[in-house]
Amino acid sequence: MRVALFLTCVNDTLYPDTGRAVVKLLTRLGVDVDFPMGQTCCGQAHYNTGYRHEAEPLARKFSDVFREYEAIVTPSGSCGAMVRELYPRMGERARAEGRGDTLARTLAPVVPKTYELTEFLVDVLGVTDVGAYYPHKVTYHPTCHGLRGLGLGERPRRLLQAVKGLELVELPGAEECCGFGGTFAMKNSDVSAAMGADKVRNAESTGAEVLCAADNSCLMHIGGTMARLRTGMRPVHIAEILASTEEEPLG
Amino acid sequence: MSGTFVGMPAFPKAAHEAVHNTTLRGNLRHATHTIRGKRAKAVTEVSDWAELREAGKRIKDHTLRHLDRYLVQLEESVTAAGGTVHWAADADEANRIVTYLVKATGESEVVKVKSMATQEIGLNEALEAEGIHAYETDLAELIVQLGKDRPSHILVPAIHRNRGEIRDIFAREMSEWGRPAPEGLTDTPAELAEAARLHLREKFLRAKVGVSGANFMVAETGTLVVVESEGNGRMCLTLPETLISVVGIEKIVPTWQDLEVFLQTLPRSSTAERMNPYTSTWTGTTDEDGPSTFHLVLIDNGRTDTLADEVGRQALRCIRCSACLNVCPVYERAGGHAYGSVYPGPIGAILSPQLRGTASEIDASLPYASSLCGACYEVCPVAIDIPEVLVHLRERVAQGGPATEKGNKVVLKPAKGHAAERAAMRAARWALSHPGALRTGQRLASRTRRLHPRTLPGPGKAWSASRDLPAVPAEPFRDWWQRTNGGRTNGGKQEGTK
Ligand code: SF4
């Protein structure tokens, strides 16, 4: 199976380790991974901040770059939700503005083929035990767009439970937003910081060493708050845990 | 604090104080988490909740699509039942009508059952200016009114107050308005409720005019419906000689059968009850039973403008259950007052900038008062996609565009203060449309990474004031991919960038 990795612009720039982990994991599971160099950004930040028209060229580019692949995998719940939920909506809005079907038709091919990583593993590859080894106490934060946008449900937890050595502890108030919300973190920084601090305190109460999630943007916010509050916990993307093995443990 | 919301500062500023007020945050957190848990349980008891939600959405959408027809039908039914219908285009007109109607009775006092519509138009202040005292009779509204405060929650307007604060307000203020609080009043709920009951009973028995809102209006029979928990509503609806109901035009449902859906979803969503304790319905006037004069004031006040917006109109489906407030993490920290409107929380963030327009500072900031987490959409019993409308309104604020104002199609200019953001978004879009430019930027960041501060200047300062920034890696992913051919060869350079 030939699969394209859509890494997202944030991961490409700031979290290349997550990208390498996805490549390592999927390769181990027998998937032929490609990274189309023309990729940049899905347009989520533009769209959600109210710049839909600026997001359109990015969405069109996304479709150009990825449309020929059998599947598109992304280690980001929010970018996955952008493509699956919001691309069709962008098409509809363009139509409602009297611009015809062009945008909708351009974006349609990539919509059903785009999968968030854990969704791809469980639904497409049909695996829950990916042969990982990670001897740490971990708590899982389901990010909002993964949870409510894509409906990832129990998939990430099932994957984590199957990891050898990993002790999964439940996060109190797990389904509450961490307070990132893209530009929300800057525009309403007081409220955002208060939400982040509550999330981190809940995480701390579990006694876990690691807080794991399937979206580095949320982890950046949570991790930044952890560092500031000096908790000693660390944020880790789920892909990195799933890529870790006994032979090559995550460093 | 005044009873109105004019001249509110933008949301972030208004929220700042609340976020740092630990008592307030404690009160809010406790109240919202309790009710949120109970609601979740009450909803799972109903096996066809998803169908009820869909049915509620459809009934409302159908009604809104044919609103003109149903409003005419309603007017006919109300008139046939002995009531009089008045139409008010905006708040001023509605206030003028109600003031005129009260004056015509010769009275200078009215009792009120909680009505968001009258709060929306500032009726109490308008009446006061004409020498007419309006007494709120819901326990929470009474607390707010006696405390010279503003409501901060749709269903629990005094949610921001704890028992001790309420006791103090009663002891201090009740005597000013009527029967004083009993001597030695404590803060036990039973004693507080009894004090309120004695104080209010005098008012009910004296008042000749009642003012109400309505949760629903049934077009086929001209019947109005109020659901409540304290019984004060029923007193206000039956004891006075004249009843004036002030209702938003969107509260209509076509038939009695439609109520079947909402009388299940509303109480479970709002108070987590299977059924609300009091459901009162009134149709025109009836000889020797209830008020002998009935007026219905139908208010538009921005509703038809909202209806003209194909994305935003779904906000008019709202049945004011407040479930979205109780799950909203932003509401929980910012408190209801920060929204600068009688409609706080997620629904307020999309309704107020539509009813009032986005011209004021507060209204332009409301669409950003959300992290778009989607919890509000998930609980909404009429499936209003609040995040979708928020983003739509952000577009209106940041970019301008078509809208309807007082029935006229207009093209709005972007709100002030967004020029720099717009330029940055355009620049970012340009860079992101050119992978080469993105790459150059990434490489520059990597090369200068030792120089990067962990806190930011300018607009990013707010971010880094409470969070550390991530370190920039030595090599962006795409360079690694190219150098190692996707990890198939080890390009020589050292691995590991953390
Ligand atoms: S928007 Fe939905 S959840 Fe919020 S008050 Fe209205 S009906 Fe209830």
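The ligand sits in the second largest cavity. On a 1 Å grid over the protein atoms alone, a cavity is a set of points where a 1.4 Å probe fits but cannot get out; to sit there, a molecule needs more than half of its atoms within 2 Å of the grid points. Keep in mind that this is a predicted model, where local features need pLDDT of at least 70 and side-chain atom pairs count only at pLDDT 80 or more. Residues are numbered from 1 along each chain, and chains are lettered from A.

**Exercise 1.** Describe the shell around the ligand.

Step 1: Gather the residues with a heavy atom within 4 Å of the ligand. There are 13, and the closest are B:C318, B:C321, B:S322, B:C324 and B:C380.
Step 2: Sort the shell: eleven are nonpolar, one is polar and one is charged. Cys is on the nonpolar list.
Step 3: Take B:C324: is it buried or exposed? With 9% relative accessibility, B:C324 is buried (under 20% relative accessible area; exposed is over 50%, partly exposed in between, with a 1.4 Å probe and protein chains only).

**Exercise 2.** Zoom out to chain B.

Step 1: Chain B has 498 residues, and 57% count as buried.
Step 2: Its C-alpha atoms fill a box of roughly 95 × 55 × 45 Å along the principal axes.

Note on methods: Side-chain values use heavy atoms; hydrogens and water are left out. On a 1 Å grid over the protein atoms alone, a cavity is a set of points where a 1.4 Å probe fits but cannot get out, and a pocket is an open set with protein on both sides within 12 Å along at least five of seven lines; lining residues have an atom within 4 Å of a point.
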